[in-house]
Amino acid sequence: MSARTEALVPNAAIAGSLATSIGHPALDAILIASPNHLNLDQLELVIGEKPLFTPPEQQARARWVSARTASPVWVAMKCRYMPPIAKFLKRMNATTGGVKMLSIREHRFPFLTKVGNWNWLSCLAGGMPVEKCCHFFDLMRHATGDRPVRVMASAGQDVDHLIHSAGCSPSDIFDNAFVIVEFAGDVRAMLDLCMFSEGSRFQEEIAAGGPEGRIDVFIPGPTRFWPGHHLGPPPVSKIVINPGSRQDQEEFDIPVDPVLLKSGDHNGATYIRHCLFLETVLSGHEPEVTMTDGIEAEKIGHAAQLSAEQHQVVEI
């Protein structure tokens with residue numbers, strides 16, 4: 001990765017350690033993209049990332065780190081910034097008359113290969129609901145504007161994750177789950193996750209319903225995984241508006257710049273997040289996604305992991 005970086009940016013300084021990089025005189029910002037179990041130790045040196053912590057008992061430590069930093073910290077939650085989801089969120093309340101139910105479905109490919117396959121072990125990744133789903137739980141909080149109070153989950157390791165390993169250790173991480181989250185204001189949200197559905201036309205499907213109607217958004221997976229040789233061009237994200245009267249149904253595409261789709265995953269959200277982060281660094285304004293947002297999203301993920309393991313409802 002260092003060699004690829006040097007080829008892309010020849011003038012970049014390659015540091016041998018985190019401590020060395022922190023001391024670089026030209027440093028304006030730090031982006032942490034390391035395995036989950038390393039994040040909080042590094043956060044205490046430089047302050048900030050996703051997921052903030054893996055074991056639930058580290059929550060108090062993460063809050064302490066958050067309280068003592070004066071630097072702006074942006075926690076990288078991608079779902080808010082996917083162009084189709086951003087449009088969905090803008091139209092959501094007007095279409096539904098106030099959301100009562102929110103449903104998120106992601107049927108996708110298994111975990112990608114990372115350094116040492118650390119993401120295949122729950123002790124390093126924090127469990128699938130934390131590693132894979134913290135951004136969905138953040139989206140639930142963001143969309144409802146409410147506080148989660150209760151989590152119910154059913155999950156299993158049934159197909160692809162049974163055949164993978166991390167070094168000498170077999171994978172112990174879930175590859176499918178249903179998670180129901182109840183909020184203080186009686187809104188319910190549900191996550192339907194399957195990580196052995198590589199052939200899905202749309203990777204994410206999100207629906208919000210209320211007393212006046214329903215709105216859906218459909219988002220394809222990464223362009224680089226689309227088998228276009230026999231299926232044609234990849235699908236385009238779209239939104240469907242379903243008000244109370246069927247004859248008024250509205251459907252429209254949400255195209256994303258092809259350059260963004262080719263340069264990174266997450267339907268252009270990676271680029272958009274980096275632009276907003278740059279604005280935060282230059283302006284000194286508060287980040288849109290704070291450490292508190294990251295901690296609260298991960299609390300839901302840890303509750304989901306516990307609920308699935310113990311087959312019980314978990315109160316937050």
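User: Why does Thr280 count as buried?

Analyst: In this predicted model, Thr280 has a relative accessibility of 7%. Buried means under 20%. The value of 7% falls under that cut-off, so Thr280 counts as buried.

User: Where does Thr280 lie, and what does Thr280 touch?

Analyst: Thr280 lies in helix H11, residues 269-283. Leaving out residues up to four places away in sequence, Thr280 touches Pro72, Trp74, His285, Glu286 and Pro287.

User: What makes the pair of Phe111 and Trp120 edge-to-face?

Analyst: Two values matter here. The ring centres are 5.9 Å apart, and rings pair if their centres lie within 6.5 Å. The planes stand at 90°, and over 60 degrees counts as edge-to-face. So the pair is edge-to-face.

User: Are Phe111 and Trp120 buried or exposed?

Analyst: Phe111 has a relative accessible area of 8%, so Phe111 is buried. Trp120 has 1%, so Trp120 is buried.

User: Why is the pair of Phe202 and Phe218 called tilted?

Analyst: The centres are 5.6 Å apart, with 55° between the planes. Stacked needs an angle under 30 degrees, and edge-to-face needs one over 60. Phe202 and Phe218 are both buried. A search of the whole structure finds three aromatic pairs.

User: Which parts does the pair of Phe202 and Phe218 tie together?

Analyst: Phe202 lies in the loop between strand S6 (188-194) and strand S7 (204-210). Phe218 lies in strand S8, residues 213-219. The pair therefore ties together parts that are 16 residues apart in sequence.

User: How do you know whether H5 and H8 are roughly parallel or roughly antiparallel?

Analyst: Helix H5 (residues 83-96) and helix H8 (residues 134-144) have axes that come within 11 Å and cross at roughly 30°. Angles under 35 degrees count as roughly parallel. So H5 is roughly parallel to H8. The crossing of H5 and H8 is right-handed.

User: Which residues make the contact of H5 with H8?

Analyst: H5 brings Ile85, Leu89 and Met92. H8 brings Leu139, His142 and Ala143. These residues divide into five nonpolar, one polar and no charged.

User: What makes H8 and H12 roughly perpendicular?

Analyst: H8 and helix H12 (residues 291-310) pack at about 115°, with axes 8 Å apart. The range from 65 to 115 degrees counts as roughly perpendicular. H8 and H12 are therefore roughly perpendicular to each other. H8 also passes H12 in a right-handed crossing.

User: Which residues meet between H8 and H12?

Analyst: From H8 come Cys134, Phe137, Asp138 and Arg141. From H12 come Asp293, Glu296, Ala297, Glu298, Ile300, Gly301 and Ala304. The contact divides into five nonpolar, one polar and five charged residues.

User: Why are the phi values of Asp186 and Asn267 worth a look?

Analyst: Most residues other than glycine have a negative phi. Asp186 is not a glycine, yet has a positive phi of about 70°. Asn267 is not a glycine either, and has a positive phi of about 60°.

User: How do you know whether Asp186 and Asn267 are buried or exposed?

Analyst: Asp186 lies in the loop between strand S5 (176-183) and S6. Its relative accessible area is 56%, over the 50% cut-off, so Asp186 is exposed. Asn267 lies in the loop between helix H10 (258-263) and H11. Asn267 has 8% relative accessibility, under the 20% cut-off, so Asn267 counts as buried.

Conventions. Residues numbered from 1 in each chain as written. Predicted model: local features only at pLDDT ≥ 70, side-chain atom pairs only at ≥ 80, totals over all residues. Heavy atoms only, no water. Axes fitted to C-alpha atoms, helices over the stretch in contact; angles between N-to-C directions. Helix = DSSP H or I, 4+ residues; strand = E, 2+ residues; numbered from the N terminus. Parallel < 35°, antiparallel > 145°, perpendicular 65-115°, else oblique. Left-handed = near helix turned anticlockwise from the far one by under 90°. Contact = heavy atoms within 4.5 Å. Nonpolar A, V, L, I, M, F, W, Y, C, P; charged D, E, K, R; others polar. Buried < 20%, exposed > 50% of the residue type's maximum accessible area, 1.4 Å probe, protein only. Phe/Tyr/Trp six-rings, centres within 6.5 Å; stacked < 30°, edge-to-face > 60°.
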